[in-house]
Amino acid sequence: MDGYNESQKHAVMTHEFGHSLKLGHGPEIAVMDSCPACYNPNMSNNLQSWDINSYHSVWGS
Ligand SMILES: [Zn+2]
């Protein structure tokens with residue numbers, strides 16, 4: 001993760017945590033994008049609505 005800023009590192013950790021919760025990949029706007037730090041260095045490192053909806057679809061509410 002050399003060259004990633006703190007926000008990108010946080011996004012990657014959130015992404016990997018999502019996988020540990022059985023979440024798959026989502027659209028570019030989501031933390032669960034296939035490569036969250038690659039495309040958008042300024043992306044939010046917080047969960048987006050897609051991520052939350054995906055979590056609910058896997059685990060229920
Ligand atoms: Zn992934």
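A residue counts as buried if 20 or more other C-beta atoms lie within 10 Å of its own, as exposed if 12 or fewer do, and as partly exposed in between, with C-beta atoms placed from the backbone. By that rule, buried residues make up 20% of the 61 residues in this chain. The model is predicted: local features need pLDDT of at least 70, side-chain atom pairs count only at pLDDT 80 or more, and totals for chains, interfaces and linings use all residues. Numbering starts from 1 along each chain as its sequence is written.

The fold has three helices and zero strands. Along the sequence the pattern reads α-α-α. Helices (H or I, at least four residues) and strands (E, at least two) are DSSP runs, numbered from the N terminus.

Confidence comes next. pLDDT is the predictor's confidence in each residue, from 0 to 100. Its mean over the chain is 83, and 84% of residues reach 70 or more. Where pLDDT is low, the predicted coordinates should not be read in detail.

Now take Tyr55. It sits in helix α3 (residues 49-59). Tyr55 is partly exposed because 17 other C-beta atoms lie within 10 Å. Leaving out residues up to four places away in sequence, Tyr55 touches Leu21 and Leu23. Contact here means C-beta atoms, placed from the backbone, within 7 Å.

Finally, consider the contacts across the chain. Of those between residues at least 6 apart in sequence, 40% join residues at least 24 apart.

How values were computed
Two residues are in contact if their C-beta atoms, placed from the backbone, lie within 7 Å.
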